[in-house]
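Biologist: Hi! Could you walk me through this structure, starting with the big picture?
Modeller: Happy to. Here it is.

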Amino acid sequence: MTDVSPDPFTPAQLGPVALRNRIIKAATSEGRSPHGLVTDDLIDFHRTFAAGGVGMTTVAYCCVSPEGASAPGQLVMDTKALPGLRRLTDAVHDEGAMISAQLGHAGVVAPKSLTGVTAVAPSRFVNPTSFAYCREIRRDEILAVIDQFGAAAQVAVDAGFDAVELHFGHLYLPSSFLSPLINRRKDEYGGNIDNRSRFVREIARRVRAVVGDRIAVIAKLDMDDGLPGSIWIDEALRTAQLLDADATLDAIELTQGSSVFKPMYLFRGDVPVREFAKVMPKAMRPGVRLAGKWAMGSYPYEDLYMLPAARQFVPVLRHTKLILLGGITNRDHLETGMREGFDFMAMGRALLREPDLVNQMIADGSVRSRCNHNNKCMVTVFGRTHCVLDPTQRYGATTPVATENTAPASHSATL
């Protein structure tokens with residue numbers, strides 16, 4: 001660790017893409033695509049972060065297939081979306097920023113009431129929050145999902161995106177293969193961590209083969225998910241090492257937690273049980289009020305709360321850059337991340353509160369975020385993600401509506 005204070009606002013190279021600075025707007029599930037297509041609201045949402053100074057903004061949860069959705073209002077990454085996606089990327093580029101598409105398949109988190117099909121998992125599994133049954137995914141379906149990621153990546157290229165982010169975290173389908181708690185397969189996709197890492201490696205290989213060096217490829221990878229017997233740092237380091245050796249990724253964004261159980265392990269801070277109860281189906285509200293805090297978990301917020309785990313990955317990777325996430329709210333945090341060996345820093349909740357925070361920090365290095373980590377923004381992912389302390393968003397937002405069988409911990413975003 002060097003004593004030199006690096007400048008996080010200088011240009012940096014991410015694979016084939018030059019970013020104007022090292023700050024990435026993290027994916028925050030948006031709910032602005034009611035028919036799986038780009039809306040003017042979604043364009044304005046990302047244009048705001050681009051105008052606010054980020055190097056790159058991330059379009060959250062672009063489903064690689066309709067059955068891979070985790071919540072209403074998500075983009076479906078197919079050719080029907082291309083005209084709107086091109087308008088979106090053009091709008092962000094016009095503000096001087098780059099744009100990434102987060103590609104995902106929800107797996108165990110995909111509600112049947114939304115997708116119309118039974119959710120899939122590496123092995124038979126019952127979601128402990130929604131109590132929904134998930135069937136074991138067949139081998140031919142594994143290959144089909146890999147194809148879907150490749151096809152979605154091609155759409156991203158055709159739409160003018162500068163990067164794709166492969167969602168290998170939060171116990172969505174790729175991440176659940178990494179979990180010994182959920183993955184009990186006896187074939188080459190189960191067993192030891194090298195086998196359990198096979199699926200994410202094959203997805204990354206396919207996507208790289210499709211995009212070549214035209215755009216950057218990032219993976220969002222769980223360091224640990226907070227569930228006993230599931231993903232922990234020792235095996236996550238091995239997965240990262242294997243991905244690094246494959247040389248298919250330009251960067252890995254490190255994350256924690258899951259969308260299956262105790263999602264506050266990802267978010268930290270206040271637990272908005274009362275707010276979640278209000279948007280649940282009426283029959284579920286008493287249960288949410290009584291058991292919501294237990295189901296969601298309770299973890300105090302600390303600045304840079306993912307850094308102790310994330311720094312374990314710095315000496316392991318040889319070729320792949322690292323993106324630090326979690327509790328980054330001011331210039332000191334950005335500089336600390338760079339001194340620790342991270343190439344880029346990702347910000348979520350702080351930018352929801354103040355989309356122009358990066359420009360503020362460039363102008364005045366002493367600026368501190370006004371985000372107070374009340375986490376009520378978590379609830380807005382069921383409708384239209386926004387900071388509840390921003391009246392221009394709060395009172396212009398649509399009323400959140402939860403889908404049947406959706407419980408508080410069953411869907412989360414990086415906020």
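Modeller: Of the 415 residues in the chain, 64% are buried. Keep in mind that this is a predicted model.

Biologist: Good to know. What counts as buried here?
Modeller: Buried means a relative accessible area under 20%.

Biologist: How many helices and strands does the chain have?
Modeller: There are 16 helices and 14 strands.

Biologist: And what radius of gyration would a compact globule with 415 residues have?
Modeller: It would be near 22 Å, and the chain has 19 Å, which agrees. The C-alpha atoms fill a box of roughly 50 × 45 × 40 Å along the principal axes.

Biologist: What share of the contacts joins residues 24 or more positions apart?
Modeller: Counting contacts with a separation of 6 or more, such residues account for 73%.

Biologist: Which domain does UniProt annotate?
Modeller: The UniProt record, an unreviewed entry, places "NADH:flavin oxidoreductase/NADH oxidase N-terminal" on residues 9–240. Over that stretch the chain is 35% helix and 22% strand. The end C-alpha atoms of the stretch are 27 Å apart.

Biologist: Let's zoom in on a strand. How many residues of β4 are buried?
Modeller: Eight of the eight residues of β4 are buried, so β4 is largely enclosed by the rest of the structure.

Biologist: Which strands does β4 pair with?
Modeller: One is β3, residues 23–25, which runs parallel to β4 and is joined to it by two bridges. Another is β6, residues 98–104, also parallel, with six bridges. Then there is β5, residues 75–76, which pairs with β4 in the parallel sense over two bridges.

Biologist: What actually holds paired strands together?
Modeller: Strands of a sheet pair through backbone hydrogen bonds, in either a parallel or an antiparallel way.

Biologist: What about the backbone of Y61?
Modeller: Y61 lies in β4, which covers residues 56–63. Its phi is near 45°, a positive value in a residue other than glycine. The relative accessible area of Y61 is 3%, so Y61 is buried.

Biologist: Where else is phi positive in a residue other than glycine?
Modeller: K262 is one of them, with phi near 50°. K262 sits in the loop between β12 (251–256) and α9 (264–267).

Biologist: Is K262 buried or exposed?
Modeller: Buried: K262 has a relative accessible area of 18%, and the cut-off for buried is under 20%.

Biologist: Changing topic: what is the strand order in the open sheet of three strands?
Modeller: The order is β7-β9-β8, with mixed pairing. β7 (119–121) and β8 (125–126) are the edge strands, each pairing on one side only. Three bridges join β7 to β9, residues 133–136, and those two run parallel. In that pairing, V120 is opposite R135 in β9.

Biologist: Now a helix, please. How far apart are the end C-alpha atoms of α7?
Modeller: They are 20 Å apart. At 1.5 Å a residue, the 14 residues of α7 (198–211) should span 20 Å, so the two values agree.

Biologist: Which residues of α7 are buried?
Modeller: The buried ones are F199, V200, R201, I203, A204, V207, R208 and V211.

Biologist: Why do residues three or four places apart point the same way in an α-helix?
Modeller: An α-helix has 3.6 residues a turn, so residues with that spacing point the same way.

Biologist: What do the buried residues of α7 pack against?
Modeller: Their partners include α4 (139–159), β10 (163–168), β11 (216–224) and α8 (233–246). The helices α5 (173–178) and α6 (193–196) are also among them.

Biologist: And what follows α7?
Modeller: G212 does, and its phi is positive, near 60°.

Biologist: What does E354 touch?
Modeller: Apart from neighbours within four places in sequence, E354 is in contact with Q360, R368, S369 and R370. A polar atom of the E354 side chain lies 2.8 Å from the backbone nitrogen of R370.

Note on methods:
Residues are numbered from 1 along each chain as its sequence is written. This is a predicted model: local features need pLDDT of at least 70, side-chain atom pairs count only at pLDDT 80 or more; totals for chains, interfaces and linings use all residues. Side-chain values use heavy atoms; hydrogens and water are left out. Helices (H or I, at least four residues) and strands (E, at least two) are DSSP runs, numbered from the N terminus. The expected span of a helix is 1.5 Å times one less than its number of residues. Buried means under 20% relative accessible area, exposed over 50%, partly exposed in between (1.4 Å probe, protein chains only). Contact means heavy atoms within 4.5 Å. Two strands pair if DSSP finds at least two bridges between them. UniProt positions are given in the numbering used here, feature names are shortened, and annotations may be inferred rather than shown by experiment. A polar contact is a pair of N or O atoms within 3.5 Å; within protein, one must be able to donate a hydrogen and the other to accept it, and residues adjacent in sequence count only if both atoms are side-chain atoms. The radius of gyration is taken over C-alpha atoms; the globule rule is 2.2 Å times the number of residues to the power 0.38.
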